[in-house]
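Q: I have a structure open here and have not looked at it before. Can you walk me through it?

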Amino acid sequence: MSTSTTASVSTHILDTSIGRPAEGVAVQLAARAGSDADWQALGGSATDADGRCKDLPALPEGTTHVRLDFAVEAYFLQSENKQADAQQDAPANRDSGAVFFPEVAITFAVKPGEHYHVPLLLNPFGYSVYRGS
């Protein structure tokens, strides 16, 4: 939870290729205090059956920038997620035998006292993010 001196972050992932939450995706959280400061790794979590990370670490006081790193390659390589291949004209491993986006890194600015919910909409060939509520 955010306080007047800190911000807070939450996220969830929807696999738009199958229309369901993406379960089991590792998410790492890092923060920095100023655009010239070094990143501080804070820890991470994994998405639950609802595609949500409910236990991301708290942000330290003075945080101005946050980075979420989503490790999506393992998710797409799981056999249960390959059903998206059958639904698409371009299967996930058609071009190179590898996942096209093996990871997604999202960096955004924060202000003290605000909560930032950052959903990731994911498919084998693209993704989008936005500031949710």
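Predicted model: local features only at pLDDT ≥ 70, side-chain atom pairs only at ≥ 80, totals over all residues.

Q: How many helices and strands does the protein have?
A: The secondary structure comes to 2 helices and 10 strands.

Q: And what pattern do they follow along the sequence?
A: Read along the sequence, the pattern is β-β-β-β-β-β-α-α-β-β-β-β.

Q: What share of the contacts links residues 24 or more positions apart?
A: Among contacts with a separation of 6 or more, 67% are between residues 24 or more positions apart.

Q: Next, burial. What percentage of the 133 residues is buried?
A: Buried residues make up 38% of the 133. As for the surface, the protein exposes about 7100 Å², and carbon and sulfur atoms supply 49% of that area.

Q: How many residues are in the largest nonpolar core?
A: It has 27 residues. Leu68, Phe70 and Phe108 have the most contacts inside this core.

Q: Which helix and strands each supply at least two residues of this core?
A: Strand 1 (8–15), strand 3 (26–32), strand 6 (65–71), helix 1 (73–77), strand 7 (104–109) and strand 9 (120–123) each do.

Q: Back to Leu68. What does Leu68 touch, not counting residues up to four places away in sequence?
A: Leu68 touches Val9, Thr11, Val27, Gln28, Leu29 and Leu56, and also Val104, Ala105, Ile106, Phe108 and Val118.

Q: Changing topic: where is Ala30?
A: Ala30 lies in strand 3.

Q: Buried or exposed? Ala30, I mean.
A: Ala30 has a relative accessible area of 5%, so Ala30 is buried; the cut-off for buried is under 20%.

Q: Which residues is Ala30 in contact with, leaving aside neighbours within four places in sequence?
A: Trp39, Gln40, Ala41 and Leu42 are in contact with Ala30, as are His65, Val66 and Arg67.

Q: Now Ser45. Which strand holds Ser45?
A: Ser45 is in strand 4, residues 40–46.

Q: Why does Ser45 count as buried?
A: Ser45 counts as buried because its relative accessibility is 13%.

Q: What does the side chain of Ser45 make a polar contact with?
A: The side chain of Asp55, at 2.3 Å.

Q: Which other residues is Ser45 in contact with?
A: Leaving aside neighbours within four places in sequence, the contacts of Ser45 are Val25, Ala26, Val27, Cys53 and Leu56, along with Asp55.

Note on methods
Residues numbered from 1 in each chain as written. Heavy atoms only, no water. Core = buried A, V, L, I, M, F, W, Y, C linked by side-chain atoms within 4.5 Å. Buried < 20%, exposed > 50% of the residue type's maximum accessible area, 1.4 Å probe, protein only. Helix = DSSP H or I, 4+ residues; strand = E, 2+ residues; numbered from the N terminus. Contact = heavy atoms within 4.5 Å. Polar contact = N/O pair within 3.5 Å; in protein donor to acceptor, adjacent residues only side chain to side chain. Areas by Shrake-Rupley, 256 points an atom, 1.4 Å probe, with all protein chains shown as cover.
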